[in-house]
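The following exercises concern one protein model and are to be worked with the sequence and structure in view. Each task is followed by a solution in steps.

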Amino acid sequence: MNNLLKKILFIDLIKGLLITFKTIFTTPVTIRYPKQKRPLEDGFRGRHAFVRDPETGKERCVACTKCAQVCPSQCIYIDYSINSETGARVLTKYEIDALRCIFCGYCEEVCPVNALVLTEFFEYASYTREDNYFNKEKLLSNWDEFIRQYEKTEYLNKFWHLSGIGRDRLPIGKREPKAVSKKEESQ
Ligand code: SF4
Ligand code: SF4
């Protein structure tokens, strides 16, 4: 069929309309966000939080600084003092500049006591840089906010449970990581 005949019979237009017509009867790939939300994949990495320990009501961090050492963005800042009686480290400062974070998950993976987590909470856009600069208190409140809206009764992050590494080579907290009970831990 030559070009002139194609033009006279509107062949290209008809082909285009047929595609449009076919698409009307297919399931849309988009959803009506924010009314509808897609289920998140296991290992989703959202806003940072400090797990609130049910016994102390505080963070679990032992100031080992492993997370800051492993962070490729170098956006974790930690300071600590030493308890003169026990010799244990006491966390005095913990800050994450989340705008520099690349959400690699290394920090939560390396944490020996599963104190830190990249939660499944992702709706935290803001107008100021300060809102995405998380100190210790903000990290704890991030956890409270996240666990309140978490639908299941227990929370276990994929990165707390490492696979492919011999059990003996893992810190105790990583060998059999315990799920966090939402009932016990939400404040
Ligand atoms: S997710 Fe990666 S880049 Fe972000 S704070 Fe943790 S280690 Fe750093
Ligand atoms: S790795 Fe865990 S325990 Fe160690 S400083 Fe980071 S958050 Fe605290």
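The protein carries 30 positive and 25 negative side chains, and the centres of these two sets are 8 Å apart. The model is a predicted one.

**Exercise 1. Overall form**

Solution. 

Step 1. Seven helices and seven strands make up the secondary structure of the protein.

Step 2. The extent of the C-alpha trace along the principal axes is about 95 × 35 × 35 Å.

Step 3. Of the 187 residues in the protein, 33% are buried. The accessible surface amounts to about 13000 Å², and carbon and sulfur atoms contribute 54% of it.

Step 4. Among contacts with a separation of 6 or more, 70% are between residues 24 or more positions apart.

**Exercise 2. Aromatic pairs**

Task: Classify the ring pairs Tyr124 with Phe134 and Tyr155 with Trp160 by their geometry, and state how accessible the partners are.

Solution. 

Step 1. The protein contains 12 aromatic pairs. In one of them, the ring centres of Tyr124 and Phe134 are 6.4 Å apart and the planes meet at 55 degrees, so this pair is tilted.

Step 2. Tyr124 is located in the loop between strand S4 (116-118) and strand S5 (133-134), while Phe134 is part of strand S5, so the pair ties together parts that are 10 residues apart in sequence.

Step 3. Tyr124 has a relative accessible area of 18% and is buried. Phe134 is likewise buried, at 0% relative accessibility.

Step 4. For Tyr155 and Trp160 the ring centres are 5.7 Å apart and the planes stand at 90 degrees; the pair is therefore edge-to-face.

Step 5. Tyr155 is buried, with a relative accessible area of 0%, and Trp160 is buried at 0% relative accessibility.

Step 6. Tyr155 and Trp160 also belong to one aromatic cluster, together with Trp143, Phe146 and Tyr150.

**Exercise 3. Backbone features in loops**

Task: Locate the cis peptide bond between Tyr33 and Pro34, and place the residues Phe10 and Phe103, each of which has a positive phi.

Solution. 

Step 1. The peptide bond that joins Tyr33 and Pro34 is cis, with omega at about 5 degrees. Pro34 lies in the loop between helix H2 (11-24) and strand S1 (48-50).

Step 2. Phe10, although not a glycine, has a positive phi of about 55 degrees. Its place is the loop between helix H1 (3-8) and H2. With a relative accessible area of 53%, Phe10 is exposed.

Step 3. Phe103 is also a residue other than glycine with a positive phi, near 55 degrees. Phe103 occupies the loop between strand S3 (89-97) and H4, and at a relative accessible area of 23% Phe103 is partly exposed.

**Exercise 4. The contacts of Phe122**

Task: Determine where Phe122 lies and which residues it touches beyond those up to four places away in sequence.

Solution. 

Step 1. Phe122 is found in the loop between S4 and S5.

Step 2. Its relative accessibility of 36% makes Phe122 partly exposed.

Step 3. Residues up to four places away in sequence are not counted; Phe122 then touches Tyr33, Leu40 and Phe44. Tyr33 is the residue joined to Pro34 by the cis peptide bond.

Step 4. Phe122 and Phe146 are 24 residues apart in sequence, with a C-alpha to C-alpha distance of 9.6 Å. Phe146 is one of the members of the aromatic cluster described in Exercise 3.

Definitions and conventions
Residues are numbered from 1 along each chain as its sequence is written. Chains are lettered from A and ligands numbered from 1 in the order in which they are written. This is a predicted model: local features need pLDDT of at least 70, side-chain atom pairs count only at pLDDT 80 or more; totals for chains, interfaces and linings use all residues. Side-chain values use heavy atoms; hydrogens and water are left out. Helices (H or I, at least four residues) and strands (E, at least two) are DSSP runs, numbered from the N terminus. Buried means under 20% relative accessible area, exposed over 50%, partly exposed in between (1.4 Å probe, protein chains only). Contact means heavy atoms within 4.5 Å. Accessible areas come from the Shrake-Rupley method with a 1.4 Å probe; for residues, only the protein chains shown count as cover. Lys and Arg count as positive and Asp and Glu as negative; His and the chain ends are not counted. The place of a charge is taken as NZ of Lys, CZ of Arg, CG of Asp or CD of Glu. Rings of Phe, Tyr and Trp (its six-membered ring) pair if their centres lie within 6.5 Å; planes under 30 degrees apart count as stacked, over 60 as edge-to-face and the rest as tilted.
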